Each structure stands twice: as C-alpha cells, then as structure tokens.
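Biologist: Please show me the model, and let us then discuss how parts of it pack together.

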Amino acid sequence: MKLGSFYFHYLQWMPLPSVASFKQDLTGKHVIVTGSNVGLGLEAARHLARMNPAKLILGCRDLEKAEVAKESIVKSTGCKTIECWKLDQADFSSVSAFADRFETEVGTLDLLIANAGVSMPGGYVKTVDGWETVLQVNHLSTALLSIRLLPSFSKTTVSPPFPRLVIVSSDVHYWVYELPEAQTPKILELLGSEEHCTQPGIMAKRYGVSKLMNVFFTRSLAEHIPKTSALTVNAVNPGLCHSELTRNRKNPTLKFTIWKMVNARSTEVGSRTLLHAALSKDMQGLSGKFTNACALAEESDLVLSPEGKTMQDRIWEETKEILEKVDPKVKAILGEYLV
C-alpha cells in the first residue's frame with residue numbers, strides 16, 4: 001500500500017490505547033531494550049520498569065547517558081533491577097560482546113525490544129567495520145543481536161505472551177517503491193559501499209531503505225523459527241515522534257520544524273506502540289507481522305510483491321553470510337535454532 005498524506009495524518013492523530021490496557025506482570029522476567037537512553041527506548045523502558053522485571057537491561061552506546069537515563073527511570077518508578085550495558089551497534093564486536101555477556105551473566109531472555117537506530121541524512125559515514133553506518137546499525141547489527149540471543153530466548157520458561165522479539169521499523173519503508181540495488185549480485189555489499197553511498201540522492205533514502213530491511217528481516221526470521229518454538233518476532237512502526245532520531249539533521253527547514261511540531265507524537269505516546277507489540281494479548285501467536293498505531297497493518301506493496309519476496313530471500317541469505325563472517329558463533333546458532 002502507498003501511504004498517502006490523509007492516511008498518514010489519520011494514523012498519526014488517532015488516539016493510542018494506554019499501556020494499562022496491555023500491561024503485564026514481569027516478575028521473574030528478563031528484558032532488554034536497546035537504544036534506551038533517550039526517546040522511544042527510554043519511555044518504553046520506563047513503562048516496563050513499572051511492571052516489576054527481574055532484570056531490565058538498557059543496551060546503549062554511551063554508558064554515561066545510559067546511567068542518567070537509569071536514574072530518571074528509578075526516580076519515576078522506583079525500579080531497582082535496571083542495569084546499563086554497553087552496546088554500540090556501529091561495531092559488530094560490541095554486539096557480540098553484549099550477547100556473550102548476556103549468555104554468561106543472565107542466560108534466559110523473555111523480551112527484547114530492538115529499538116536502537118540512527119538516521120544520518122547528512123551523508124555517508126563509515127563504521128569501524130567498514131560498512132555505511134545506517135545500514136550497519138539499523139539492519140546488520142539488529143540482525144546480529146537478534147540471532148545471537150536466540151539461544152537465550154530458547155532457554156526461558158514459556159509464559160505467554162513471552163518470549164517475544166520486537167524490532168522497531170517505520171512507516172517510511174512505504175516510501176521505498178523500488179530497490180535498484182537488487183539488480184546487482186550483492187545487494188547489501190552495494191548498499192554498504194562508499195562508492196555507491198556517495199552518489200547523489202542515495203543517502204537521502206537510506207533511512208527508509210534500512211527500515212525496509214527491518215521488515216524483510218522480521219518476515220524472514222519468522223519464517224525460519226521452528227513451529228515448535230514459542231518465540232515470536234514482529235516489526236513495529238512507532239510513527240513520527242518527538243525523539244532524538246532527527247538529531248543528525250543539519251539546519252532543518254522551518255517547514256520541516258513546523259510539520260514535525262504539528263504531526264509528531266510525544267515519545268511517551270510513541271512508546272506505547274512498542275509496548276503493544278511486546279506485551280499485548282492480541283499479538284499472541286502472531287509472528288512476522290507489522291504493526292502500526294497499535295494494530296496489525298499491511299506492509300508496503302514492494303514487500304508484498306513477488307519481486308519483494310525475492311529481494312527478502314536474497315537479503316536474508318546475504319545477511320547470514322555477512323554475520324557468519326563477523327561472529328563465529330552465528331553459523332552454529334542458525335543451524336541449531338532455525339530451520
């Protein structure tokens with residue numbers, strides 16, 4: 001579906017249910033929220049902290065900012081089980097180290113909200129691993145973390161609605177009407193190359209493309225999770241929010257500023273969409289889905305097309321190949337926990 005202006009505004013202004021309508025008792029549950037020192041992740045973690053989790057881990061790139069966020073959450077909720085862990089998704093080794101630590105120190109995982117993401121409309125920036133930053137942070141490292149934590153999901157005691165994996169995507173994937181890079185033998189390799197990314201117009205579309213990758217990955221992962229597993233994975237659109245996502249936009253126009261001021265949700269309201277996908281009973285047993293405004297929604301025409309399915313399958317195989325090279329544990333996990 002093409003998301004028209006009227007439909008966009010309708011969804012943005014539609015009232016969202018309160019967290020109380022899908023609140024859960026998290027006693028004994030282990031929860032991770034990435035990108036949780038600011039914005040949607042912070043407000044989602046704040047809501048979860050009120051539900052008595054056994055352990056709530058804030059996975060953040062900047063630990064000083066994470067500690068400030070933790071203090072804010074503790075002050076407003078009284079939760080004593082919050083920990084701040086280093087997680088820099090622009091560095092594959094940091095993602096692997098996070099997963100190794102979790103496996104050693106905690107072991108069982110009930111809920112992961114993979115919220116960490118960046119938007120860099122200013123241009124191409126290379127990570128320490130040699131990839132374009134938005135592609136690595138938003139897609140490759142989200143996929144790496146999700147795969148590396150599959151063993152911990154499998155070890156938890158099944159207690160509906162858990163275990164759940166929530167990947168934060170976006171409705172901007174609707175605006176990716178085609179993916180010319182799919183005409184080449186290696187889609188992700190081209191998307192991550194400096195030569196390609198420095199061509200006119202490429203980086204302006206990169207955030208939307210990365211959110212398309214989130215939808216593709218969610219659908220592929222769901223397809224490969226064994227039917228005997230209780231784990232579900234879904235992608236969620238939080239909508240336009242007053243968050244830190246646009247912090248890298250240089251000199252925003254007055255038109256953009258006013259448009260955002262009029263249309264954006266608060267981060268607290270936006271965070272309810274994450275909590276809905278993570279906790280609500282109406283999502284029980286559903287996997288590989290996309291939610292918008294706290295309800296199931298149809299993915300883009302491209303995703304649902306035969307061409308989109310071919311792209312999705314190719315990107316799944318390419319993603320696996322890349323991650324198997326950067327983390328030696330990935331191949332064994334894929335073989336043991338997926339079909």
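**Helix packing and a loop residue**

Modeller: In this predicted model, L42, A45, R46 and A49 of helix α2 meet A69, S72, I73, S76 and T77 of helix α3, where contact means heavy atoms within 4.5 Å. Local features need pLDDT of at least 70, side-chain atom pairs count only at pLDDT 80 or more, and totals for chains, interfaces and linings use all residues. Residues are numbered from 1 along each chain as its sequence is written, and side-chain values use heavy atoms, with hydrogens and water left out.

Biologist: How are α2 and α3 oriented to each other?

Modeller: The axes of α2 (residues 39-49) and α3 (residues 63-77) come within 10 Å and cross at roughly 40 degrees. Angles under 35 degrees count as roughly parallel, over 145 as roughly antiparallel, 65 to 115 as roughly perpendicular and the rest as oblique. The two helices, α2 and α3, are therefore oblique.

Biologist: Which orientation do α9 and α13 have to each other?

Modeller: Helix α9 (residues 206-224) and helix α13 (residues 306-326) pack with their axes 9 Å apart, at an angle of about 75 degrees. Among the residues of α9 in this contact are F216 and F217, while α13 contributes residues including I315 and W316. The orientation of α9 and α13 is therefore roughly perpendicular.

Biologist: Is Q89 buried or exposed?

Modeller: Q89 lies in the loop between β3 (82-86) and α4 (92-105). Not counting residues up to four places away in sequence, Q89 touches T34, V95, A116, Q136, V137, S141, T142 and L145. Because its relative accessibility is 5%, and buried means under 20% relative accessible area (exposed over 50%, partly exposed in between; 1.4 Å probe, protein chains only), Q89 counts as buried.

Terms used. Axes fitted to C-alpha atoms, helices over the stretch in contact; angles between N-to-C directions. Helix = DSSP H or I, 4+ residues; strand = E, 2+ residues; numbered from the N terminus.
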